[in-house]
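Please load the model and keep the sequence beside it.

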Amino acid sequence: IARMPLGRVSPETVANIGTIRGGQADNIVAPQAELTGEARSTDESLLDAQIDAMFRALDEVASEAGGTVEHEVLESVRAYRLAADDPVRQLAESAITSAGLTPDPVATGGGSDAHIFNAKGLPATCLGTGYRNVHSDDEFMPLDELHRLARVAVELINHAGSRAV
């Protein structure tokens, strides 16, 4: 793990080891161990390079110690980008503008249902909802953000009804 590039590897890529399991008792050297982790990137080639670097680190250390490693990649979500002229993006941006807000398209590196829909050929986008301290035990949404989100939802419905996406 110490040889792996982990954390915020680049502006586009993040990786971590989430669990380490192995052994049968405290006083017995574990015959094997299992690591699970993740790598995410908004750039598929950088993601492939990150996964290769993580596996290479494991292989090198195992080889030095006379061991072996089995790798498995389970794909969860694929990165997506919607072009400025994509109808789904244009719909979202016009609804946001009509709600009195300013669209600010950003790549997040997160995973959402929009990733799954896009991977299946159904163009979709993820809208920021105003949560604070996301994925922490202190996560919350300020009431004014919820009101903004409601305005955007109403405008999405109004705009979607007036055009074919």
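This is a predicted model: local features need pLDDT of at least 70, side-chain atom pairs count only at pLDDT 80 or more; totals for chains, interfaces and linings use all residues.

Tutor: Residues are numbered from 1 along each chain as its sequence is written, and side-chain values use heavy atoms, without hydrogens and water.

Student: Is serine 41 buried or exposed?

Tutor: Serine 41 sits in strand S3, residues 33–41. Buried means under 20% relative accessible area, exposed over 50%, partly exposed in between (1.4 Å probe, protein chains only). At 8% relative accessibility, serine 41 is therefore buried.

Student: Which backbone oxygen does the side chain of serine 41 reach at 3.2 Å?

Tutor: The side chain of serine 41 also reaches a backbone nitrogen, that of aspartate 43, at 3.1 Å. The backbone oxygen at 3.2 Å belongs to glutamate 12.

Student: How is H2 oriented relative to H4: oblique or roughly parallel?

Tutor: Helix H2 (residues 87–98) packs on helix H4 (residues 143–161) at about 125°, with axes 8 Å apart. Angles under 35 degrees count as roughly parallel, over 145 as roughly antiparallel, 65 to 115 as roughly perpendicular and the rest as oblique. So H2 is, relative to H4, oblique.

Student: How many nonpolar residues does the contact of H2 with H4 have?

Tutor: Contact means heavy atoms within 4.5 Å. H2 contributes residues including Leu91 and Ile96, and H4 residues including Val152 and Leu156. By class, the contact has 3 polar and 1 charged residues, and its nonpolar count is 7.

Conventions: Helices (H or I, at least four residues) and strands (E, at least two) are DSSP runs, numbered from the N terminus. A polar contact is a pair of N or O atoms within 3.5 Å; within protein, one must be able to donate a hydrogen and the other to accept it, and residues adjacent in sequence count only if both atoms are side-chain atoms. Axes are lines fitted to C-alpha atoms, for helices over the stretch in contact, and angles run from 0 to 180 degrees between N-to-C directions. Ala, Val, Leu, Ile, Met, Phe, Trp, Tyr, Cys and Pro count as nonpolar, Asp, Glu, Lys and Arg as charged, and the others, Gly among them, as polar.
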